[in-house]
Amino acid sequence: MPELTVVVPAYRERENVIPLLAALAQALPKLDWEVIYVVDDALDGTEELVRGRAQQDPRVRILQRIGRRGLASACVEGMLASSAPYVAVIDADLQHDETLLPALLEKMRASDADIVVASRYMEGASPGELAPGRVRASRLAASVSRLLTRDLTDPMSGFFIVRRTFLDQVVRRLYGRGFKILLDLIAAARGDARIVELPYHMRSRQHGESKLSTRVMAEFCMLILYHLFGRLLPARFFLFAAVGVTGLAMHLIVLSLSFKLSGNFLASQLIATWVAMTSNFFLNNAFTYSDQRLRGRRVWRGLASFYIACSIGAFINVAIAEWFFLKAVVYWMAGLAGALVAALWNFFTTASFTWGRR
C-alpha cells in the first residue's frame with residue numbers, strides 16, 4: 001500500500017503528462033507513492049497517454065470522468081480513490097514545485113497537522129512570474145477567504161497534503177464544486193483544522209492554458225456562500241438570485257426602450273418580461289448550473305420549463321405582495337416579501353424541473 005497518493009486533476013493538459021510523471025519519479029525516489037490522474041473528458045488524448053503510462057508503471061493510475069468537469073470534484077474523487085494515509089494534490093500544469101513534496105510529507109509526519117500547505121505568499125515564497133493582475137486577484141480572493149479561515153497566508157493554494165483521517169471527517173460537508181478544494185476542506189472543518197504552511201516558488205506555465213474564467217469566480221463566490229449560509233439555503237440560490245438582479249436590470253432597460261419606440265405599455269411590459277426570462281435562463285445555465293449545463297435539444301425544453309415556472313412565480317409574487325399589502329404592511333415590504341417567495345419558488349422549481357431532469 002502506498003504511503004502517499006498524489007492526485008492530479010487534469011483537463012487539456014496532455015503536453016504536461018510525461019514531464020510531470022518524470023518529475024514526480026525524480027522527486028520521490030525513497031517514498032512508496034502512487035499518482036492518480038483524474039482526467040475530465042476533453043477529447044485531447046490526455047486519458048490515452050496516462051493510460052499508456054499506467055501500463056508501464058504500476059504507480060500510475062487514471063480516473064476518467066465523462067460528462068462532468070471541475071477541479072474540486074476531481075480532487076475529491078481522486079482522494080477517495082486512494083487508500084494511502086496521506087494524499088497530496090498538485091496541479092497538472094507543472095507550476096507547482098514537486099520537489100517540495102518530501103518536505104511537505106515530512107512536516108505532516110513530524111506534527112499533528114491535518115493539512116500541510118505550500119504557500120506562495122509567506123516569507124521566503126514567491127508567486128513567480130504570475131501576471132500582476134492574477135496576483136492581485138489571488139490576494140483579493142485570499143482576503144475574502146478569511147471569512148472562513150484565518151491565519152493562512154495562501155488559502156487559494158492548490159498544492160498541499162491532507163491527512164486521510166481528516167479527509168474522512170470532513171468529506172460529507174464539502175461543497176465539492178468549483179476550483180478551490182483547499183479552502184473547501186478547511187471551511188468544512190468549521191475551525192477544527194490544524195494547518196502548517198511551507199513556502200515555495202511558483203513556476204510559469206509552459207504548456208496548455210489557464211482555466212481562470214468568470215465561471216471560476218462565480219464558483220468561488222458560491223463556495224463562500226455555501227459555508228456561510230449553506231445550512232439555511234443552498235449556495236446556488238444566491239447565484240440564482242444574483243442572476244435575477246441582472247434580469248431586473250435587463251427588464252427595465254428593454255421596457256424603457258420598447259415603450260419609447262411603441263408607446264404601448266402592455267406590449268412593452270410583455271416584451272421586457274420575455275427578454276428578462278430568456279436572459280435569466282441562459283445566464284443560469286452558464287453559471288448557476290454550469291456543472292449541470294443543458295446542451296443541444298435539452299436547452300429548448302429547459303427554456304420552456306423555465307418560462308412556465310417563472311410565469312407561475314410572477315403570479316405568486318403579485319398574489320403574496322397584494323396579500324401583505326391588504327394586511328396593512330408597508331408597500332415596499334409587501335413587494336419585497338412577494339419577490340422573495342417568488343424567487344424561492346423559481347429556484348426550487350427550476351432546480352427540479354429545468355436542471356434536475358435527465
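Leucine 80 lies in helix H3, residues 71-80. Helices are DSSP runs of H or I with at least four residues, strands are runs of E with at least two, and both are numbered from the N terminus. This is a predicted model, in which local features need pLDDT of at least 70, side-chain atom pairs count only at pLDDT 80 or more, and totals for chains, interfaces and linings use all residues. Residues are numbered from 1 along each chain as its sequence is written, and side-chain values use heavy atoms, with hydrogens and water left out.

**The protein overall.** The protein has 12 helices and 7 strands. Of its 358 residues, 47% count as buried. Buried means under 20% relative accessible area, exposed means over 50%, and partly exposed is in between (1.4 Å probe, protein chains only). Contact means heavy atoms within 4.5 Å. Among contacts between residues at least 6 apart in sequence, 75% join residues at least 24 apart.

Arginine 65 lies in strand S3, residues 60-65. How do the two residues sit?

| Residue | Relative accessible area | Class |
|---|---|---|
| Leucine 80 | 43% | partly exposed |
| Arginine 65 | 1% | buried |

Beyond its neighbours within four places in sequence, leucine 80 is in contact with Arg164, Leu167 and Val171. The C-alpha atoms of leucine 80 and arginine 164 are separated by 9.2 Å, and these residues are 84 apart along the chain. Arginine 65 touches Val38, Val39, Asp40, Asp41, Gly70, Ser73, Ala74 and Glu77, with residues up to four places away in sequence not counted.

**The second largest pocket.** A pocket is found on a 1 Å grid over the protein atoms alone: it is an open set of points where a 1.4 Å probe fits, with protein on both sides within 12 Å along at least five of seven lines, and lining residues have an atom within 4 Å of a point. About 840 Å³ of space lies in the second largest pocket. That volume is the space filled by probe spheres set on the points, which are joined across faces, edges and corners.

Which residues lie nearest the centre of this pocket? They are Gly244, Leu248, Asn280, Asn317 and Asn346, out of 26 lining residues. Helices H9 (235-262), H10 (265-288), H11 (297-326) and H12 (331-353) each supply at least two residues of the lining. H9 gives the most, with 9 residues. The lining divides into 15 nonpolar, 11 polar and no charged residues. Here Ala, Val, Leu, Ile, Met, Phe, Trp, Tyr, Cys and Pro count as nonpolar, Asp, Glu, Lys and Arg as charged, and the others, Gly among them, as polar.
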